[in-house]
Amino acid sequence: MSPPVPTGDELVRVLATLSNPHRLRVVAALAGGRNYVSRLARELDISRALLQVHLKKLEAAGLVTSRLELSDDGKAMKFYEVNAFAVVLTPQDIVTAVQTLSNQSTQGNQSNQRDEREEKGAV
């Protein structure tokens with residue numbers, strides 16, 4: 001049985017989220033197991049602030065999940081793990097998804113451009 005065809009809005013959100021190379025690296029790193037922000041930032045060699053921007057986008061798209069835990073010494077640590085997902089896309093899936101697009105998805109491209117400028121520090 002094939003996975004359900006996502007709605008147009010879901011498809012746009014997931015594909016837009018995965019279109020960033022940093023986010024692909026984050027998903028790849030988390031595929032090896034859950035990790036906390038500081039260690040993940042060191043492993044990926046990016047700042048924690050930038051990593052958190054990408055993690056928020058991945059979480060909003062439903063691709064990762066976070067959980068706050070206390071370490072043995074009482075520090076709060078936010079752990080992330082990747083959710084199981086599969087992207088199977090056929091031309092017919094796109095036809096079906098397009099029929100469910102909302103006006104918000106067509107405006108999402110402007111939002112993505114603004115997000116990219118923010119990540120580059122241009123805003």
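Is Arg34 buried, exposed or partly exposed? I looked it up: Arg34 has a relative accessible area of 39%, so I noted it as partly exposed (buried is under 20%, exposed over 50%, partly exposed in between, with a 1.4 Å probe and protein chains only).

A note to myself on the ground rules. This is a predicted model, where local features need pLDDT of at least 70 and side-chain atom pairs count only at pLDDT 80 or more, while totals for chains, interfaces and linings use all residues. Residues are numbered from 1 along each chain as its sequence is written, and side-chain values use heavy atoms, with hydrogens and water left out.

Next I went through the salt bridges (a side-chain nitrogen of Lys or Arg within 4 Å of a carboxyl oxygen of Asp or Glu). I found two. Glu69 pairs with Arg34, with the closest N and O atoms 2.6 Å apart. That pair links distant parts of the chain, 35 residues apart: Glu69 sits in strand β2 (residues 64-70) and Arg34 in the loop between α2 and β1. Glu69 also pairs with Arg67, here at 2.7 Å, and Arg67 is exposed at 51%.

Then I turned to helix α3 (residues 37-44), and listed its buried residues as Val37, Ser38, Leu40, Ala41 and Leu44. They lie on the same side of α3, because they cover an arc of only 165° around the axis (taken from the directions from the helix axis to the C-beta atoms). Helices (H or I, at least four residues) and strands (E, at least two) are DSSP runs, numbered from the N terminus. Just after α3, I noted Asp45 with a positive phi of about 60°.
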